[in-house]
Amino acid sequence: MQVEKARELGLCFGVRRAVDMVRDAALRHGNLQTLGPIAHNKVLLQELAALGVETVDSVEQLRSPAVVISAHGVSPSVSRQLLARGLTVVDTTCPNVARAQHIVARLADEGFTIVIFGDSTHTEVRGLLGWAGEKGMSALGVPGLPELTRPGHRRKLAVISQTTQRLEEFTEFARELCSAVMEGTDELRVVNTLCDATVRRQAAAAELARRVDIMLVIGGRHSANTRRLAETCAAVVETHHVETAEEMDEGWFAGKQRAGLTAGASTPDSIVEEIASRLARR
Ligand code: SF4
């Protein structure tokens, strides 16, 4: 089997930076809790658990004196709760997410209603909604935004994206939204808050998918950017999303000669290498 990796794949600078910060903090503070998973990858989480890093789901569950904010960031109200409890906060919010948060806060100050193209259950989007105060809403499709037809919601409208969405889908969403609300809106602003590392990985995956017989997308099941990569590849060629080498099925590769590999932004290099070498030995 010929195996080719996408020209850009795997751990992004934001997750690398967050993991490095958590490792350093674990050495300095001993036991450490992270508010939500530091990355959506169970192998990475197991590695950090071995250093005494535990994940909790809510502020109420925090017991350690130091807490980590994940690369996805949190809302200002969660930050305030952490400081009010006197905790040492290790803030690993990715600079790309921090940029989106500041854009949302500025737009809210300027009186814009802010529409976030994204999954409203995702940590990053929940945080961004917090930065918008009363002025934010999120959806993955224009029909999911009936509030926009309410009077007073449409005079100044801004559209941004969850950082890990697909460029084509954000563009289409913004286009549809513009045509749905242009009449009766004084100002419409579209701000591109997509993460450049994500956009480059998606472009590299799509380019490789066109040249191979099968694509494997490696990464956590709950990783938003990995799922977007799988969708991108599946539109072009047979694609399988796996989290570990053990999930591969021999039957997928029957009659195939060229396999392409890509990996989500929280996938450790070791898993990519393991899968690449297993495939090359076939
Ligand atoms: S995918 Fe992009 S936004 Fe998310 S952590 Fe990585 S660099 Fe930051």
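The ligand is surrounded by 15 residues, among which Cys12, Gly14, Cys94, Asn96 and Cys195 are the closest; a residue is near a molecule if its C-beta atom, placed from the backbone, lies within 6 Å of it. This is a predicted model, in which local features need pLDDT of at least 70 and side-chain atom pairs count only at pLDDT 80 or more, while totals for chains, interfaces and linings use all residues. Residues are numbered from 1 along each chain as its sequence is written.

**Shell around the ligand**

- Helix 1 (13-29), helix 4 (95-109) and helix 7 (196-209) each contribute at least two residues to the shell, where helices are DSSP runs (H or I, at least four residues) numbered from the N terminus.
- Helix 1 gives the most to this shell, with three residues.
- The shell is made up of nine nonpolar, six polar and no charged residues, with Ala, Val, Leu, Ile, Met, Phe, Trp, Tyr, Cys and Pro counted as nonpolar, Asp, Glu, Lys and Arg as charged, and the others, Gly among them, as polar.

**Domains and their contact**

- The protein chain is assigned domain 1 (2-10 + 196-280), domain 2 (13-93) and domain 3 (96-190), with bounds that come from an automatic or database domain assignment.
- The C-alpha centres of domain 1 and domain 3 are 31 Å apart.
- Seven residues of domain 1 are in contact with seven residues of domain 3, contact requiring C-beta atoms, placed from the backbone, within 7 Å.
- On the side of domain 1 that touches domain 3, helix 7 and helix 8 (224-234) are the elements that give two or more residues, and helix 8 gives the most, with four residues.
- The residues on that side of domain 1 comprise two nonpolar, four polar and one charged.

How values were computed. Two residues are in contact if their C-beta atoms, placed from the backbone, lie within 7 Å.
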